[in-house]
Number of protein chains: 2
Amino acid sequence: MAKDFSSRDENYAQWYNDLVFKADMAENSAVRGCMVIKPYGYAIWEKMQAALDKKFKDTGHVNAYFPLFIPKSFFSKEASHVEGFAKECAVVTHYRLKNDPDGKGVIVDESAKLEEELIVRPTSETIIWDTYRTWIKSYRDLPLLINQWANVVRWEMRTRLFLRTAEFLWQEGHTAHATSEEAVEETERMLEVYADFAENWMALPVLRGTKSPNERFAGAIETYCIEALMQDGKALQAGTSHFLGQNFAKAFEVQYLSKENKLEYVWATSWGVSTRLIGALIMAHSDDNGLVLPPKLAPTQVVIIPIYKTDDQLALISEKAEQIMKNLQDKGISVKYDKRDTYKPGWKFNEYEFKGVPVRLVMGPRDLENGTVEVSRRDTLEKAVYQLSDIETKIEHLLINIQDNLYQKALDFRESKTSKADSWDEFVDLLDNKGGFIYAHWDGTPETEQRIKEETKATIRCIPLNSKLDEGTCILTGRPSKGRVVFARAY
Amino acid sequence: MAKDFSSRDENYAQWYNDLVFKADMAENSAVRGCMVIKPYGYAIWEKMQAALDKKFKDTGHVNAYFPLFIPKSFFSKEASHVEGFAKECAVVTHYRLKNDPDGKGVIVDESAKLEEELIVRPTSETIIWDTYRTWIKSYRDLPLLINQWANVVRWEMRTRLFLRTAEFLWQEGHTAHATSEEAVEETERMLEVYADFAENWMALPVLRGTKSPNERFAGAIETYCIEALMQDGKALQAGTSHFLGQNFAKAFEVQYLSKENKLEYVWATSWGVSTRLIGALIMAHSDDNGLVLPPKLAPTQVVIIPIYKTDDQLALISEKAEQIMKNLQDKGISVKYDKRDTYKPGWKFNEYEFKGVPVRLVMGPRDLENGTVEVSRRDTLEKAVYQLSDIETKIEHLLINIQDNLYQKALDFRESKTSKADSWDEFVDLLDNKGGFIYAHWDGTPETEQRIKEETKATIRCIPLNSKLDEGTCILTGRPSKGRVVFARAY
């Protein structure tokens, strides 16, 4: 299983690719930039979806579905949106194929040319706000709190499985509000939903902040984000929540009659996370032995493997194991009992270790005699022998413990990789030799941000929320600054 | 609410459109043929998905995700598949837009033309079997039981909300097997999963059968289907399950090494149901007062409405109502307590009746005094006063009763609309004056089937499973037949 598998130190990028491919998470398809999400990878996405969907519903949102295609002209309606989104995208120009008269398969039927080209959605603000125009008439129709689970396409030139693909799966929330305050409140609420999901489900500590203007969503007044740190010291944007002001309402003429009987433009937010989170999950916790998954998102949380020589032994072990499996399942824990005789125990140990199953139970004839079971945890690779009495509660606690440990480990790592830089030389030295998040002063101009990016490939990941006034001077220009922002090289 | 709403007798097609639109199920979008599924319609789809997904997993399937785009050349690889699918479809030819030099928005960048056009998937057999080639090497890799939840696009010229749209949501199962027998068994198993879902969740009785060659899926050896009858006497194909033989394995060179160490082509099935089921659900049960939903798929199963004059009364009723709501929710029943003061009770009655909420509870001051509640069921529109003692169990039973009643009513309707025709005149008369399913003899040739379709618009809906030998003569040609098949006009 793990042969031909790079270590993180050798080649982090290769380690990641090997892991994704060999752990049956995803693979490249015959279509450039589009991935196949394999069953094991998709099972993690299903767990993420279920947890997020519940959070969205608990905060009052409902799901709906809008068209895959967007008329080209829609993109031109919001001036900055078109710059950001309507460029590298998949364009549908025809709606029919016909048999090649030369007998070589099928060719595009030139007579079936669309009057207006359709864009495969890169994000759905335009088509959704075009729809909202008829849905929103009065203050009674607000707030409108809608989410969509969908596929989107952005024609990326350099793609990496999960992290950057031409097609990806995501959810996009699109809400409409009567006031600016309510919309900002919603933007911040959903950022916190994402942060909570990252920290408590993915075991991934995140910084909460806003983007600098250069990094803002095309069409937003303010973009909030959560930023995580990967094991190679690079940052990864894990989710964004945008306050869109009245930009889309004005572009698509969405007005409502207020309680005071006045026509007002509607205030908007949008927010999204994608299958990119699976890439973040892999990179945050996994090690040179393969995947490490936090119990809350692991498709299989516990695997039980029997060790036996005779059929009689297997029968006795199976009786015990199946009882434990059932009891664990009653607690809502997902368990697999692998008694296949086509694979040896050693092969199974490697397989489940590589796939990141959080807890492995092994039962042999001696365990039966002693009323014990061998328990291994994937995060620390520690083994221990447990008495069987009340084993289900012990396993339940162990899973919680593993979840907490992964979070703490990731947090400790992030702390160890978080620095302050007070001069340009220090900044460059930290970037090159330590990586991670660097808190530094910046003069607040897009030009400086751009120059820093060009010279170091580092970008402002976020302006931290609730940061205190902390006067200083910009690391590049020496001009005054009122607070530090967070720089990093990023995915 | 229900004003401007056609009755079924007046204009069935208009009644359907009105219902879909006014009950907030779906609407047409700015993109020709693509619908917006509104939150209430999508909530039904989510319930359908959850029930089906569980059935798929209970029968050993896992989910995965394959690309939205398929290279054009893939369609030419399976000869009959290309005829059926690669014609009316959305074709992506370019991957970039650019600013119009005339300053009028964006135009297609002609320099960004794809070398090979991409087709937006109309169904995924080709891309999936291209992927399976690397996944399947040995008999140990079989069976491969995979399902995908996805959007697909077929460029339909005449579209109707849910029933026929350019883009629709569906699931497509694609399985691979070592033997023909196993693949046929899977095809039949999934047909039964669909039939069970239709009958026990949608309360929709269905005929199980196979398609005649003319109606078979492009690329299949045998297509199994379930056929339901709508209230206008027209049939609707509610799901299909295809035995694909080795056609796709041969087209995409998917072979496995058998236990006997021989290279063999793999056997395939595919099966799918779509958002069309929502159209079937609406047309099967709803009436001139609006939607009627079977409790198992109703987003809200019970609504509680207070009737009061004073705030004190409301407080007392709310206390009771919220307790009932909580108790019902503990039983897994979805309940809404609508105490909004912006709408009158009468308006609410109409609203929930129109939206098909199965059970309505009304509580007024007199109910409080008497320890009663007024209970209305949507299916029969009957009202009764219930004692509050053990009200939750009574409601639970009532919901089961409504579910059963809807099924029985639909079954009775179908029986009343099922006939036998022994002559051409009788056949035409039944079609024109009664509608429904007509069992008739057919000589087994595609030519006769085609002629019958041209002359009457009726098609063979299915050759019923397990039909007994029943010799007769074809209604059109008088040639011998060994059994009756089911004809109907269909959606």
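**Figure 1. Close-up of B:Trp424 and its contacts in the predicted model.** Setting aside neighbours within four places in sequence, B:Trp424 is in contact with B:Ile475 and B:Leu476. The model shown here and in the other views is predicted. B:Trp424 belongs to helix α13 (residues 424-433) of chain B. It counts as partly exposed because 17 C-beta neighbours lie inside 10 Å.

**Figure 2. Helices α9 and α12 of chain B where they cross.** Two packed helices are described by the angle between their axes and the distance between the axes. Here the axes of α9 (residues 311-330) and α12 (residues 391-416) of chain B come within 10 Å and cross at roughly 55 degrees. That angle makes α9(B) oblique to α12(B), and the crossing is right-handed. On the α9(B) side, look for B:Ile324, B:Asn327 and B:Leu328, which meet B:Ile391, B:Glu392 and B:Ile395 of α12(B). Sorted by class, this contact has 4 nonpolar, 1 polar and 1 charged residues.

**Figure 3. Helix α9 of chain B and its surroundings.** The 20 residues of α9(B) reach 28 Å from first C-alpha to last, close to the 28 Å expected at 1.5 Å a residue. Buried positions in α9(B) are B:Ile317, B:Ala321, B:Ile324, B:Met325 and B:Leu328. An α-helix has 3.6 residues a turn, so residues three or four places apart point the same way. The buried residues of α9(B) pack against strands β16 (302-306), β17 (335-337) and β18 (359-363), and against helices α11 (365-370) and α12, of chain B. After the helix comes B:Gly332, with a positive phi near 85 degrees.

Figure 4. With 26 residues at 1.5 Å a residue, α12(B) should span 38 Å, and its end C-alpha atoms are 36 Å apart, which agrees.

Figure 5. In chain A, the axes of α9 (residues 311-330) and α12 (residues 391-416) come within 10 Å and cross at roughly 55 degrees. This makes α9(A) oblique to α12(A), and α9(A) passes α12(A) in a right-handed crossing. The residues making the contact are A:Ile324, A:Asn327 and A:Leu328 from α9(A), with A:Ile391, A:Glu392 and A:Ile395 from α12(A). The class count for this contact is 4 nonpolar, 1 polar and 1 charged residues.

**Figure 6. Helix α6 of chain B and what covers it.** Helix α6 (residues 180-200) of chain B has 21 residues and reaches 30 Å between its first and last C-alpha atoms, close to the 30 Å expected at 1.5 Å a residue. Among its buried residues are B:Glu186, B:Thr187, B:Met190, B:Leu191, B:Tyr194 and B:Phe197. The elements covering the buried residues of α6(B) include helix α2 (39-58) and strands β9 (167-177), β10 (207-210), β11 (222-229), β12 (235-245) and β15 (267-274) of chain B.

**Figure 7. The side of chain B that touches chain A.** In this view, 54 residues of chain B are in contact with 54 residues of chain A. Strand β5 (residues 88-99) gives the most to the chain B side, with 10 residues. The residues on that side divide into 34 nonpolar, 10 polar and 10 charged.

Figure 8. Most residues other than glycine have a negative phi, and most peptide bonds are trans. The bond from A:Leu142 to A:Pro143 is cis, with omega near -5 degrees, and a cis bond also joins B:Leu142 and B:Pro143, with omega about -10 degrees. A:Pro143 sits in the loop between α5 (125-135) and β8 (144-153) of chain A. A:Phe162, not a glycine, has a positive phi of about 70 degrees, and is buried because it has 25 C-beta neighbours inside 10 Å. B:Leu381, also not a glycine, has a positive phi of about 65 degrees, but counts as exposed with 11 C-beta neighbours inside 10 Å.

Key:
Residues are numbered from 1 along each chain as its sequence is written. Chains are lettered from A and ligands numbered from 1 in the order in which they are written. This is a predicted model: local features need pLDDT of at least 70, side-chain atom pairs count only at pLDDT 80 or more; totals for chains, interfaces and linings use all residues. Axes are lines fitted to C-alpha atoms, for helices over the stretch in contact, and angles run from 0 to 180 degrees between N-to-C directions. Helices (H or I, at least four residues) and strands (E, at least two) are DSSP runs, numbered from the N terminus. Angles under 35 degrees count as roughly parallel, over 145 as roughly antiparallel, 65 to 115 as roughly perpendicular and the rest as oblique. A crossing is left-handed if the near helix is turned anticlockwise from the far one by less than a right angle, and right-handed if clockwise. Two residues are in contact if their C-beta atoms, placed from the backbone, lie within 7 Å. Ala, Val, Leu, Ile, Met, Phe, Trp, Tyr, Cys and Pro count as nonpolar, Asp, Glu, Lys and Arg as charged, and the others, Gly among them, as polar. The expected span of a helix is 1.5 Å times one less than its number of residues. A residue is buried if 20 or more other C-beta atoms lie within 10 Å of its own, exposed if 12 or fewer, and partly exposed in between; C-beta atoms are placed from the backbone.
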